[in-house]
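Biologist: I am new to this structure and would like to learn how to read its strands, its spaces and its ligands. Could you take me through them in order?

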Amino acid sequence: MIEKTGVPSKEAVLEQFPERIVLVKPKAIIECYKEIPCNPCSTSCPFDAIHVPEDINVRPTIDFDACTGCGICVYHCPGLAITVMQVKDQKVMMKIPYEFTPLPKVGEQRNVLDRSGAVLTQGTITKVQTSPKQEKTALIHVEMDAAHLHDAITIEVTHGSHES
Ligand code: SF4
Ligand code: SF4
């Protein structure tokens, strides 16, 4: 499916998620579906939670026990293929990479999009993190209803924004 539409199948997406109970704590969800020579996710993780074997083309795997949900790999993935998800009090807390300016503001409501780009719901921006080491990528924290856990992937970019 992903070859034809660019959108992974629901089954492929669900394979990347741990059981819901694991997501009481924040965990990285890696949606890297193609074999490509790439590994910054693995080399950037300070907790050794992501593994890419010697054959760098092999897709990464994650040890959810070791992952703290810190989000460092989110900044470092050039494919913007990693989010961090947590489910708490019937809400999803999602951390996403964002490479447009102006950055969203805390408290702002933004449309949350699914993998096909359709609007799923509205989310609230709860935190905007930037890093001096990753000037072009910010980490945006978005909160929404837990029903969207497996479908939410990013937020809509507002009119007039441009790539940073
Ligand atoms: S979120 Fe942090 S701990 Fe988890 S895999 Fe990414 S860098 Fe490692
Ligand atoms: S850094 Fe991103 S694109 Fe590269 S292997 Fe890791 S998850 Fe895939």
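This is a predicted model: local features need pLDDT of at least 70, side-chain atom pairs count only at pLDDT 80 or more; totals for chains, interfaces and linings use all residues.

Biologist: In what order do the strands of the open sheet lie?

Modeller: Helices (H or I, at least four residues) and strands (E, at least two) are DSSP runs, numbered from the N terminus. Two strands pair if DSSP finds at least two bridges between them. Here an open sheet of seven strands runs in the order E1-E4-E5-E9-E8-E7-E10, and its pairing is antiparallel. Strand E1 (27-30) and E10 are the edge strands, each pairing on one side only.

Biologist: How many bridges link E1 and E4?

Modeller: E1 and E4 are joined by four bridges in the antiparallel sense. Within this pairing, Ile30 stands opposite Ile82 of E4. On to the next pair: E4 and E5 are antiparallel over five bridges, and Gln86 has Met93 in E5 as its bridge partner. The hairpin of E4 and E5 has two residues between the strands, and Asp89 takes a positive phi near 50° there.

Biologist: Is E4 largely enclosed or open?

Modeller: A residue is called buried under 20% relative accessible area, exposed over 50%, and partly exposed in between (1.4 Å probe, protein chains only). Six of the seven residues of E4 are buried, so E4 is largely enclosed by the rest of the structure.

Biologist: How does one find the spaces in a model?

Modeller: Rolling a probe the size of a water molecule over the atoms shows where empty space is left. On a 1 Å grid over the protein atoms alone, a cavity is a set of points where a 1.4 Å probe fits but cannot get out; a pocket is an open set with protein on both sides within 12 Å along at least five of seven lines, and lining residues have an atom within 4 Å of a point. Grid points are joined across faces, edges and corners, and a volume is the space filled by probe spheres set on the points.

Biologist: What is the volume of the largest pocket, and which residues lie nearest its centre?

Modeller: The largest pocket holds about 690 Å³ of space. Its lining has 36 residues, of which Glu31, Gly79, Leu80, Ala81 and Ile153 lie nearest the centre. The elements giving two or more residues to this lining are helix H3 (40-44), strand E4 (82-88), E5 and strand E10 (154-155); E5 gives the most, with three. For classes, Ala, Val, Leu, Ile, Met, Phe, Trp, Tyr, Cys and Pro count as nonpolar, Asp, Glu, Lys and Arg as charged, and the others, Gly among them, as polar. The pocket lining divides into 23 nonpolar, seven polar and six charged residues.

Biologist: How many cavities of 30 Å³ or more does the search find?

Modeller: The search of the whole structure finds one. The largest cavity has a volume of about 90 Å³. It is lined by 15 residues, with Ala28, Cys45, Cys67, Cys70 and Cys73 closest to its centre. The lining of this cavity has 12 nonpolar, three polar and no charged residues.

Biologist: Where do ligand 1 and ligand 2 sit?

Modeller: A molecule sits in a cavity or pocket if more than half of its atoms lie within 2 Å of its grid points. Ligand 1 sits in the largest cavity, and ligand 2 in the largest pocket. A residue is near a molecule or strand if one of its heavy atoms lies within 4 Å of it. Around ligand 1 there are 14 residues, of which Cys45, Cys67, Cys70, Gly71 and Cys73 come nearest. The residues around ligand 2 include Ile30, Cys32, Cys38, Cys41 and Ile82, and its shell has nine nonpolar, no polar and no charged residues.

Biologist: Where is Ala66 found?

Modeller: Ala66 belongs to the loop between strand E3 (61-62) and helix H4 (72-76). Ala66 is partly exposed, with a relative accessible area of 22%.

Terms used:
Residues are numbered from 1 along each chain as its sequence is written. Chains are lettered from A and ligands numbered from 1 in the order in which they are written. Side-chain values use heavy atoms; hydrogens and water are left out.
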